[in-house]
Amino acid sequence: MKTIKILFILSVFFSSPVLFAQTQKSVDGDWLTANKKSVIRIETDDPGESHYGKVVWLDKSVDSDKASGALGKVMVKNLVATGETNKYKGQVFIPRMERFNDAGFELTGDLLRVTMKVGLTIRTVEWSRKKD
């Protein structure tokens with residue numbers, strides 16, 4: 001009987017949702033884009049509000065005409081948590097199309113997967129958190 005009580009207590013303890021709860025990780029920070037030619041800084045002016053991302057660094061190999069207009073340009077806007085752990089939604093600028101498209105963002109460790117619809121295709125790229 002004592003064994004059954006112990007097993008019951010252990011099963012309640014290990015099935016507790018608090019043990020398995022995950023906290024939302026911050027998407028704020030510097031992100032090296034998939035092509036490794038730019039860094040986008042994601043931040044917010046007011047905690048609890050939407051985030052935005054601006055280009056803060058460009059590789060030297062980027063054409064100087066493009067570079068002069070790109071630094072400081074907003075590339076991500078209206079970025080908010082979806083309610084699912086480490087998932088966000090927002091809009092990302094598509095330079096080729098010269099417009100913002102809706103996108104999903106999923107944070108896994110130091111990777112940010114950005115999924116967007118471009119034309120008839122769905123494309124996912126991975127940005128990596130820039131180490132100091």
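β5 and β6 pair in the antiparallel sense over 8 bridges (strands count as paired if DSSP finds at least two bridges between them). Within that pairing, Tyr 88 has Phe 105 in β6 as its bridge partner. Keep in mind that this is a predicted model, where local features need pLDDT of at least 70, side-chain atom pairs count only at pLDDT 80 or more, and totals for chains, interfaces and linings use all residues. Residues are numbered from 1 along each chain as its sequence is written, and side-chain values use heavy atoms, leaving out hydrogens and water.

Zooming out, the protein has 3 helices and 8 strands, running α-α-β-β-β-α-β-β-β-β-β from the N terminus. These are DSSP runs numbered from the N terminus: helices are H or I with at least four residues, strands E with at least two. The 8 strands close into an antiparallel barrel, ordered β1-β2-β3-β4-β5-β6-β7-β8.

Now for the core. The largest nonpolar core has 23 residues, and among those touching the most other members are Phe 105 and Met 116. Such a core is a set of buried Ala, Val, Leu, Ile, Met, Phe, Trp, Tyr and Cys residues joined through side-chain atoms within 4.5 Å; buried means under 20% relative accessible area with a 1.4 Å probe, protein chains only.

Not counting residues up to four places away in sequence, Met 116 touches Val 92, Ile 94, Asp 102, Ala 103, Thr 121, Ile 122, Arg 123 and Val 125 (contact means heavy atoms within 4.5 Å). Overall, 27% of the 132 residues count as buried.

Notes:
Buried means under 20% relative accessible area, exposed over 50%, partly exposed in between (1.4 Å probe, protein chains only).
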